[in-house]
Amino acid sequence: MIETDGGLEPDDVSLPFAELLAAQVWGQGFAPPSFFDEFEVSEQKIVGGRHLKLRLRRKPTEPAFNAILFGHDAPLPSRVSAVYRVQINEFNGMRSVQLVLDHWQPGSS
């Protein structure tokens, strides 16, 4: 059993929200929030030789999100149900929001 804080609306997944989460103190007995949603996997590629960089969207009419699945280099199915965290990705001096997948399973079609 994995406990989550439920799903997020697309507008909630933002850089200010990720910054707010990063500014909090998390620790034993007070885990950082994790969320659960079902996504369409619109893009995926291996980065760093062993991680999957993804583009995920909940519905075709909603924006896609950048995501990463660390330590996993096999392709995902076209739909996944995923437990994720919202974090800041800092790369080449740029900051953006990304979803970090902690657990996933094939989604419903």
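Author: Start at Gln-44, whose bridge partner in β2 is Leu-54. That pair is our way in. First, some ground rules. The model is predicted, so local features need pLDDT of at least 70 and side-chain atom pairs count only at pLDDT 80 or more, while totals for chains, interfaces and linings use all residues. Numbering starts from 1 along each chain as its sequence is written, and side-chain values use heavy atoms, with hydrogens and water left out.

Now the strands. A strand here is a DSSP run of E with at least two residues, a helix is a run of H or I with at least four, and both are numbered from the N terminus. Two strands pair if DSSP finds at least two bridges between them.

Strand β1 covers residues 35-47. The link between β1 and β2 is antiparallel and has 7 bridges. Another of the residue pairs is Glu-40 with Arg-57, the latter in β2. How many residues lie between β1 and β2 in their hairpin? There are 3. Gly-48 sits in that turn, and the phi of Gly-48 is positive, about 60°.

Move on from β2. The next partner is β3, a strand of residues 65-69. β2 and β3 are also joined in the antiparallel sense, here by 5 bridges. Look at Leu-56: the bridge partner of Leu-56 is Phe-65, in β3.

The loop between β2 and β3 deserves a stop. Thr-61 is in this loop. Glu-62 has a relative accessibility of 13%, so Glu-62 counts as buried. Thr-61 reaches 75%, so Thr-61 is exposed. What does Glu-62 touch? Leaving out residues up to four places away in sequence, Glu-62 touches Pro-10 and Arg-57. Contact means heavy atoms within 4.5 Å.

Next comes β5, residues 94-106. The pairing of β3 with β5 is parallel and uses 2 bridges. Here Ile-68 stands opposite Val-100 in β5.

His-103 also has its place in β5. His-103 has a relative accessible area of 40%, which means that His-103 is partly exposed. Again leaving out residues up to four places away in sequence, His-103 touches Ile-2, Ser-81, Ala-82 and Val-83. Compare the position of Ala-67. His-103 and Ala-67 lie 36 residues apart in sequence and 13 Å apart in space, C-alpha to C-alpha.

Val-83 leads us to β4. Val-83 is in β4, and Phe-36 stands opposite. β1 and β4 run antiparallel and are joined by 6 bridges.

Between β4 and β5 there is a loop, and Asn-92 is found there. The phi of Asn-92 is near 55°, a positive value in a residue other than glycine. Most residues other than glycine have a negative phi. Is Asn-92 buried or exposed? With a relative accessible area of 67%, Asn-92 is exposed.

Now put the strands together. They make a closed barrel of 5 strands in the order β1-β2-β3-β5-β4, and the pairing is mixed. From one strand to the next, the twist averages 45°. Helix α1, residues 15-22, packs on the sheet. α1 touches β1, β4 and β5, and the direction of α1 makes about 80° with that of β4. Such angles run from 0 to 180 degrees between N-to-C directions, with axes fitted to C-alpha atoms, for helices over the stretch in contact.

Return once more to the start. Gln-44 and Leu-54 are bridge partners, and their two strands, β1 and β2, form the hairpin with Gly-48 in the turn.

Technical notes
Buried means under 20% relative accessible area, exposed over 50%, partly exposed in between (1.4 Å probe, protein chains only).
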